[in-house]
Amino acid sequence: MIYPDTINADFSAREIADAVTPLIAGRWSPRAFRKTVISDQDVNTLFEAARLAPSCFNAQPWRFYVSTEQSFEQYLSLLVESNQVWAKNASLLCFAVSKNTFEHNGKPNAYADFDTGAAWMSMALQARAMGLYTHAMGGIKHQQVAEFLGLSDDYKVICGIAIGVADTPDSLPADVAAKEKPSARQPLAFILRR
């Protein structure tokens, strides 16, 4: 399903080359969400995109734990309070987790977090293609998330992610609404070294 994208975000803080595909150029992390049901089929499509991401030794070390209608409040309680304020209106909350040992030999996988990031970005871009938005958060209660999910020591909680349909900034408290726009990016010369 393609969700209606009614948000006209102000990208003036970003200088984006015209050659960049709109799918990437239009990705940003809003805080204003409108509570909408996302079908199981669409959830599967989002994480099918994550499944297809590349990884070292094809280990696919990522795991995504996704809220249900019944568990949403539990997931929400595992975010820091400043994120709970806005994430409560997301359709889904999830936690991205990496497995930091290889299945095939039990040795440490130094690239597990990097690969999990690739899977997250694949999912985020699939969300944009469907008219959905995502917002990854470091502001979560990492240890409590690990305990809630029953993770063993070879798993690491990377981040929380809110997923849903974007809403207008006036749906947010004033202090949060003031930040509701795509953030600036470093110039290309800052990251591209030749």
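Arg51 and Glu48 both belong to helix H2, residues 40–51, where they stand three residues apart, about one turn of the helix; helices (H or I, at least four residues) and strands (E, at least two) are taken as DSSP runs and numbered from the N terminus. Their side chains meet in a salt bridge, at 2.6 Å from N to O, the term being used for a side-chain nitrogen of Lys or Arg within 4 Å of a carboxyl oxygen of Asp or Glu. Arg51 is partly exposed at a relative accessible area of 44%, and Glu48 is partly exposed at 33%; buried means under 20% relative accessible area, exposed over 50%, and partly exposed in between (1.4 Å probe, protein chains only).

The model is predicted, so local features need pLDDT of at least 70 and side-chain atom pairs count only at pLDDT 80 or more, while totals for chains, interfaces and linings use all residues. Residues are numbered from 1 along each chain as its sequence is written, and side-chain values use heavy atoms, with hydrogens and water left out.

**Salt bridges**

A search of the whole structure finds four salt bridges, and the table lists three of them.

| Pair | N to O distance | 
|---|---|
| Arg51 and Glu48 | 2.6 Å |
| Lys99 and Asp154 | 3.1 Å |
| Lys156 and Asp113 | 2.8 Å |

Lys99 forms its salt bridge with Asp154; because Lys99 lies in strand E3 and Asp154 in the loop between H6 and E5, the pair ties together parts that are 55 residues apart in sequence. Lys99 is buried, with a relative accessible area of 8%, whereas Asp154 is partly exposed at 23%. The side chains of Lys156 and Asp113 also meet in a salt bridge, and this pair links distant parts of the chain, with Lys156 in strand E5 and Asp113 in helix H5 (residues 112–129), 43 residues apart. Both partners are partly exposed, Lys156 at 39% relative accessibility and Asp113 at 28%. Salt bridges that share partners join Lys99, Glu103 and Asp154 into one network.

**Nonpolar cores**

The largest nonpolar core has 26 residues, and those with the most contacts inside it are Leu79, Trp86, Leu93 and Phe95; such a core is a set of buried Ala, Val, Leu, Ile, Met, Phe, Trp, Tyr and Cys residues joined through side-chain atoms within 4.5 Å. At least two residues of this core come from each of helix H3 (72–77), helix H4 (81–87), strand E3 (92–99), strand E4 (133–137), helix H6 (142–149) and strand E5 (155–166). A second, separate core of 23 residues includes Ile38, Leu92, Cys94 and Ala96.

When its neighbours within four places in sequence are left aside, Leu93 has contacts (heavy atoms within 4.5 Å) that include Tyr65, Phe72, Leu79, Met137 and Ile161.

Thr134 lies in strand E4 and counts as buried at 2% relative accessibility. With its neighbours within four places in sequence again left aside, Thr134 is in contact with residues including Trp28, Pro30, Trp120, Met123 and Ile163.

**Surface patch**

Ile16, Val20, Leu23 and Ile24 make a nonpolar surface patch of about 270 Å². Patches of this kind are made of residues with over 30% relative accessible area and no salt bridge, like charges being joined within 9 Å and nonpolar side chains (Val, Leu, Ile, Met, Phe, Trp, Tyr) within 5 Å; accessible areas come from the Shrake-Rupley method with a 1.4 Å probe, and for residues only the protein chains shown count as cover. Ile24 lies in helix H1, residues 22–25, and is partly exposed, with a relative accessible area of 41%.
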